[in-house]
Amino acid sequence: MPDWKLGMFDWNGTLLDDRDLMKGCLQAIFRRYELPTPSWESFCDEVGLNFMPFYQKHGIPADTNPDDLRAIRKKFIKRRWRQAGLYSTARTLLWACKKNSAARVIVSAEQKDLLEKCLENFNLHDCFDAYFAQAYDKEIKIREVLNTFQCKPEEAFYVDDIADGILAAKRVGVTSIGVAHGYNSKAKLASSKPDYLADNLFEVIRILFKVEPLGERPWE
Ligand SMILES: [Mg+2]
């Protein structure tokens, strides 16, 4: 295992546990189109970074603009964002990166103002060296971050809860870690063949730093 210089993280479903919010968003979107809401299980098995195929498969008109769905989601989330929380070991993971001198960067497809609101809410701005929102092409953004931090792919890792993010990381050549506590099911994540597949962030810490994260936790 190398000495990591750079850790990159997806946000929604990876560090942020917003599954309940997303379930509500699903209902709000399908209600708007007067369609039955698909099950959460089908969402987890099917949704990708490009989310339109999932919605179209379940009846949303083919000519719908992704921004229309983003707008419904944003409206739904705006008054409810406190329902989302950090996964319990997210701060621990970030602390472990810092302790090991690895830069920490968010690479997220989230809308910029929503991501910034969250970082402010959780007082997390200082925990990251950089954050990038609306990164709809994760491969391009991961390459950009490597360049910015003058880092080789083998010195960096990327953590995501969605198979498409893992595939992007693999194309760049950074170590890919799937974490199966977010949007995609473990089976869907496994289909992308990540370098490592974890059930939670505790396991991610164990994988990355070969340490047992239980015990002393001065950062909590
Ligand atoms: Mg995600």
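Modeller: The chain is divided into domain 1 (6–17 + 86–209) and domain 2 (19–82), with bounds that come from an automatic or database domain assignment. This is a predicted model, in which local features need pLDDT of at least 70 and side-chain atom pairs count only at pLDDT 80 or more, while totals for chains, interfaces and linings use all residues. Residues are numbered from 1 along each chain as its sequence is written.

Colleague: How far apart are the C-alpha centres of domain 1 and domain 2?

Modeller: They lie 23 Å apart. The contact takes 17 residues from domain 1 and 11 residues from domain 2. Two residues are in contact if their C-beta atoms, placed from the backbone, lie within 7 Å.

Colleague: Which elements give two or more residues to the side of domain 1 that touches domain 2?

Modeller: Those are H6 and helix H8 (163–172). The residues on that side of domain 1 divide into 6 nonpolar, 6 polar and 5 charged. Here Ala, Val, Leu, Ile, Met, Phe, Trp, Tyr, Cys and Pro count as nonpolar, Asp, Glu, Lys and Arg as charged, and the others, Gly among them, as polar.

Colleague: Back up a bit. How many helices and strands has the chain?

Modeller: There are 10 helices and 8 strands. Both are DSSP runs numbered from the N terminus: helices are H or I with at least four residues, strands are E with at least two.

Colleague: And which residues of H6 are buried?

Modeller: In H6, which covers residues 112–121, the buried ones are Leu 114, Leu 115 and Cys 118. A residue is buried if 20 or more other C-beta atoms lie within 10 Å of its own, exposed if 12 or fewer, and partly exposed in between, with C-beta atoms placed from the backbone.

Colleague: Why are they on the same side of H6?

Modeller: Because they cover an arc of only 100 degrees around the axis. The arc is that of the directions from the helix axis to the C-beta atoms. As a general point, an α-helix has 3.6 residues a turn, so residues three or four places apart point the same way.

Colleague: What does the face turned away from the buried side of H6 carry?

Modeller: That face of H6 carries the exposed residues Lys 112, Asp 113 and Glu 120. The buried residues of H6 are covered by elements including strand E2 (16–17), helix H4 (66–78) and E5.

Colleague: Which residues is Ile 77 in contact with?

Modeller: Leaving aside neighbours within four places in sequence, Ile 77 is in contact with Leu 21, Cys 25 and Leu 114. Ile 77 sits in helix H4, and counts as buried because it has 21 C-beta neighbours inside 10 Å. Ile 77 and Leu 114 are 37 residues apart in sequence, yet 8.7 Å apart in space, C-alpha to C-alpha.

Colleague: Now H8. Which of its residues are buried?

Modeller: Ala 163, Gly 165, Ile 166, Ala 168 and Ala 169. Among the elements covering them are H7, strand E6 (156–160), strand E7 (175–179) and helix H9 (186–191). After H8 comes Gly 173, whose phi is positive, near 100 degrees.

Colleague: Change of topic. How many residues has the largest nonpolar core?

Modeller: It has 56 residues, and those with the most contacts inside it are Met 8, Val 107, Ile 142, Phe 157 and Val 204. Such a core is a set of buried Ala, Val, Leu, Ile, Met, Phe, Trp, Tyr and Cys residues joined through C-beta atoms within 7 Å. H5 gives the largest share, 5 residues.

Colleague: Where does this core lie?

Modeller: Domain 1 and domain 2 both give residues to it, so it lies between them.

Colleague: What does Phe 157 touch?

Modeller: Not counting residues up to four places away in sequence, Phe 157 touches Trp 4, Gly 7, Met 8, Val 174, Thr 175, Ile 177 and Leu 208.
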